[in-house]
Amino acid sequence: MTREPNFDELIGTEETGAERERLRHAHELLLQAGPPPELPPSLQKAPNFGVFSLHHRRVVKRRTLVLLAAALSIAVVFVAGYAVGNNRGGSSTAKGETPRLLALTGTQAAPNARATLAVWHARNGNWPMRLSVVGLPKLPGHTYYEVYLVRNGKPWGQCGAFRIARSSPDTLTLTFNAPYSLQKGDSWVVTRPNPSGAEPGQTVLRAVTA
Amino acid sequence: MEIALEVPQPRLRAVPAETAHEPPDASDSSDAELLARVGERDRDAFEILYGRYVRPVFSLALRRLGDRGHAEDAVQEAFAAIWRSASTYRPERGAAGGWLYTVARNAIVDRLRRNGPPTDTELPELASGEPGPAQQAEDAEVSWRVHRALEEIEPREREVIELAYWSGMSQSEVAEYLGLPLGTVKTRTRSGLAKLAEVLEGEVL
């Protein structure tokens with residue numbers, strides 16, 4: 001059994017009057033609060049939400065653009081719907097592993113938009129993802145798009161955000177992360193802010209379904 | 001025959017070497033100043049703010065969600081919300097600590113809703129001995145304030161306070177454990193408690 005610290009033993013008798021009462025109040029709050037929790041390794045470092053301002057991005061080389069466009073075309077044909085398999089199944093973290101691909105298509109809110117999302121196997125509980133997107137319009141002000149993990153048909157967990165700037169290349173490639181335990185049937189959408197400010201926002205890109 | 005002894009292990013955080021005299025988080029910026037910088041997508045400011053608040057947010061999430069995995073997710077979501085919404089913070093409307101508390105609490109409540117009702121829906125036959133919602137809310141708020149304030153005091157003072165309050169050790173045992181004179185432990189405890197009281201008094205939620 002843990003002994004409770006005794007205020008008089010801790011502070012002694014030097015402090016008196018108002019100062020002693022001030023210390024006693026802090027002492028009582030410490031007892032009421034209890035110990036702070038041990039931080040798990042996943043929370044030791046501040047997360048990187050992968051927000052990119054295209055003003056700071058280097059222009060993607062033409063060769064890369066061609067490759068991305070090819071990958072996009074292949075993915076649209078290759079993938080119809082996407083379901084993440086059993087997350088315990090992915091043990092390979094070797095370089096050069098093949099990611100799973102999800103094709104996203106624009107909703108009525110962004111009919112010209114399309115994208116591919118590549119998801120690699122988890123590393124230490126994090127699922128690296130790369131989104132290649134074309135055809136999304138620039139949003140007003142400082143607002144930005146958000147990438148959401150969809151679970152049970154609803155946006156469930158945020159994986160990152162990005163902006164489109166006037167100077168952005170046709171195909172924008174961004175790196176994100178899903179710090180969640182992925183489950184069978186999970187998918188992703190891209191949203192833009194709702195005028196009301198409610199979250200998640202309006203879906204502009206969703207997975208292609210069969 | 002092997003005998004397993006249950007010895008309470010004090011939980012310690014890294015404390016700078018004896019010669020170092022750095023401020024707790026290498027920044028004198030106020031929370032409001034940091035939030036303004038985060039609103040402009042300043043990654044360094046975000047990391048300082050994260051260091052100050054990750055423990056209180058995790059503590060709050062654990063209290064509300066009762067599950068470490070869900071609490072970890074909730075912390076990520078809370079800081080994602082802070083990153084996204086920092087530019088909407090207006091100092092004239094209230095203290096930064098209160099704004100951060102609200103954003104974190106909302107993210108945790110959202111997570112609670114998404115998790116759905118508990119799987120065990122049977123009603124208990126006896127009244128629960130646990131505190132009611134009002135008391136739980138007050139406890140959560142006190143825990144937030146205290147854990148946040150602990151991040152403000154010198155690491156050496158924080159260390160002796162954490163040992164004195166939550167390791168079960170007496171001050172003599174703390175002194176022996178840290179290899180310090182008893183007088184030094186007593187001085188650090190007193191000055192740490194005084195600083196903590198000062199931070200708590202100046203804090204508005």
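The axes of α2(A) and α8(B) come within 9 Å of each other and cross at roughly 85 degrees, where axes are lines fitted to C-alpha atoms, for helices over the stretch in contact, and angles run from 0 to 180 degrees between N-to-C directions. The two helices, α2(A) and α8(B), are therefore roughly perpendicular; that word covers angles of 65 to 115 degrees, while angles under 35 degrees count as roughly parallel, those over 145 as roughly antiparallel and the rest as oblique. On the α2(A) side the contact is made by A:R22, A:L23, A:H25, A:A26, A:H27 and A:L29, and on the α8(B) side by B:L193, B:A194, B:L196, B:A197 and B:L200. Two residues are in contact if their C-beta atoms, placed from the backbone, lie within 7 Å. By class, this meeting of α2(A) with α8(B) has eight nonpolar, two polar and one charged residues. Here Ala, Val, Leu, Ile, Met, Phe, Trp, Tyr, Cys and Pro count as nonpolar, Asp, Glu, Lys and Arg as charged, and the others, Gly among them, as polar.

The model is predicted: local features need pLDDT of at least 70 and side-chain atom pairs count only at pLDDT 80 or more, whereas totals for chains, interfaces and linings use all residues. Residues are numbered from 1 along each chain as its sequence is written, and chains are lettered from A and ligands numbered from 1 in the order in which they are written.

Seen as a whole, the interface brings 42 residues of chain B into contact with 37 residues of chain A. Helices α2, α3 (68-85), α5, α6 and α8 of chain B each supply at least two residues to the side that touches chain A, and α3(B) gives the largest share, 10 residues. That side of chain B has 21 nonpolar, eight polar and 13 charged residues.

The chains can also be described one by one. Helices (H or I, at least four residues) and strands (E, at least two) are DSSP runs, numbered from the N terminus. Buried residues make up 35% of the 205 residues in chain B and 30% of the 210 residues in chain A; a residue is buried if 20 or more other C-beta atoms lie within 10 Å of its own, exposed if 12 or fewer, and partly exposed in between, with C-beta atoms placed from the backbone.

Within chain B, helix α5 (residues 133-150) has 18 residues that should span 26 Å at 1.5 Å a residue, and its end C-alpha atoms are 25 Å apart, which agrees. The expected span is 1.5 Å times one less than the number of residues. Buried residues of α5(B) include B:A140, B:W144 and B:H147. They pack against α2 (17-33) of chain A as well as α2 (43-65), α4 (96-115), α6 (155-166) and α8 (182-202) of chain B.

One of these partners, α2(B), has an axis that comes within 8 Å of that of α5(B), crossing at roughly 160 degrees. The pair α2(B) and α5(B) is therefore roughly antiparallel. In this contact, B:Y53, B:R55, B:P56, B:S59, B:L60, B:R63 and B:R64 of α2(B) meet B:A140, B:S143, B:W144, B:H147 and B:R148 of α5(B). By class, the contact has five nonpolar, three polar and four charged residues.
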